[in-house]
Amino acid sequence: MDFQIYGFTNLFLFTITLFFTITGATFQENPKSPISTVPQINSNSILVALLDSHYTELSELVEKALLLQTLEEAVSKHNITIFAPKNEALERDLDPEFKRFLLEPGNLKSLQNLLLFHMIPTRIVSKNWPARGRVHSTLYAGEENVLQISEKKTEKSVSSAKIIKQDDIVKPDGIIHGIERVLIPKSVQQDFNNRRSLRSISAVIPEGAPEVDPRTHRLKKPVAVPAGAPPVLPVYDALAPGPSLAPAPAPGPGGPHHHFDGESQVKDFIQTLLHYGGYNELADILVNLTSLATEMGKLVSEGYVLTVLAPNDEAMAKLTTDQLSEPGAPEQIMYYHLIPEYQTEESMYNSVRRFGKINYDTLRLPHKVVAEEADGSVKFGQGEGSAYLVDPDIYTDGRISVQGVDGVLFPLEEIKATPIAAPVAKVVAKPRRGKLMEVVCGTMGSFAFASCH
């Protein structure tokens, strides 16, 4: 009896020991670690090649979209084929508003979907390109996530984009083909359209558009304008009633808000012209000969922005008495040199490089000034009345931009109407401060007006 009890006890202890031994071995084989295993990518990977390739715009977007870990997991499972748009397609050909939408922090998912739409989990080399066309699913997991790969004669294409560099980068775990344009999935395009529609709807004032009194160019009913918001009226309604030699203050578009200190900014840029040198005649016209400095200050105080094409002293010295003798002529000349938008030398040069000729609105309605690229600079006007941008960014403060030019600009109609005089020897006049003011004052004196000092 004692022996049986002892044997039963030994058997029970042996079973317990065996159970814990097996359980411990199981835990050693499958340790639970809180650190997730991330697939290791070697230096010969297609992802490393993409980041170091000449597709700099695409690789930069991949990093901004936080897609590296997702792509590492995809490469660890299968080969991938990347259709990489050329840099120009992402940098210049893409709609700037659409690119801005993709780079907004709240639209990270749309950027990720756009990039994954250019990648398929299959290796496709040029020699195995399907001749009759084949549909492949992309790494983008949304609806309509397929690309149509086809070949017509010797031209290979993927959906609506032509292949411009076949087998551009070949690695053991993937391949990159260069394409001419960006592929945009419908869902991303729809998100962009919805966001743009919401933005345009949110900009509409619920109580209707403001009514402008045509006699006074003022609002019939005051509108509350938040600090820093753009003005309600266009700049042309905020201008003075008409050019004259007498002071004519500009009516404010929404009342005396004065969120910006326009008068100080105008004084600033006129002082800058004087210290810069070579623009004394223009400063005289703005301050002494006309009330344009006061008017510009009021416009800037109300929230408008201006770009001044400033003729230098040598250009102003070529103006004749006839060109300045008509009442309001100095104002008309200067209005044609004021652009109601903020432009710098870089922004204007990039525009003319990309689009060729640009027509900028001026404060002299309805005339526009033409700008185009010439000799690595920006040329304004046409024909003999053209002027080059010679002193860029003399003054830029975010509201007023002053760009120095080497000629006085006139609308094309006035240039054609001016009679062509006989050629005379060129005499370079030494510019001196106040010459134009003396010319106009002398003209006024000939008509029995009081002389000005």
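## Leu-115, a buried residue

Leu-115 is buried, with a relative accessible area of 3%. Buried means under 20% relative accessible area, exposed means over 50%, and partly exposed is in between (1.4 Å probe, protein chains only). Leu-115 sits in helix 7, residues 108-116. Helices (H or I, at least four residues) and strands (E, at least two) are DSSP runs, numbered from the N terminus.

Leu-115 touches Leu-58, Leu-61, Val-62, Ala-65 and Leu-67, leaving aside residues up to four places away in sequence. Contact means heavy atoms within 4.5 Å. Leu-115 and Ile-82 lie 33 residues apart in sequence, and their C-alpha atoms are 9.5 Å apart in space.

## About the model

This is a predicted model, in which local features need pLDDT of at least 70, side-chain atom pairs count only at pLDDT 80 or more, and totals for chains, interfaces and linings use all residues. Residues are numbered from 1 along each chain as its sequence is written, and side-chain values use heavy atoms, with hydrogens and water left out.

## The whole protein

The protein has 18 helices and 16 strands. It has 453 residues, and 40% of them count as buried. Take the contacts with a separation of 6 or more: residues 24 or more positions apart account for 66% of them.

The accessible surface comes to about 26,100 Å², and 55% of that belongs to carbon and sulfur atoms. Such areas come from the Shrake-Rupley method with a 1.4 Å probe; for residues, only the protein chains shown count as cover.

## Helix 10 against helix 12

Helix 10 (residues 262-276) and helix 12 (residues 292-301) pack at an angle of about 130°, with their axes 7 Å apart. That makes helix 10 oblique to helix 12. Angles under 35 degrees count as roughly parallel, over 145 as roughly antiparallel, 65 to 115 as roughly perpendicular and the rest as oblique. Axes are lines fitted to C-alpha atoms, for helices over the stretch in contact, and angles run from 0 to 180 degrees between N-to-C directions.

Residues of helix 10, including Val-266, Phe-269 and Ile-270, meet residues of helix 12, among them Ala-293, Met-296 and Val-300.

Most residues other than glycine have a negative phi, and most peptide bonds are trans. Leu-66 has a positive phi near 55°. Leu-66 lies in the loop between helix 3 (56-64) and helix 4 (68-77). Leu-66 is exposed, at 61% relative accessible area.

Asp-375 also has a positive phi, about 55°. Its loop joins strand 13 and strand 14 (377-380). The peptide bond from Leu-365 to Pro-366 is cis, with omega near -5°.
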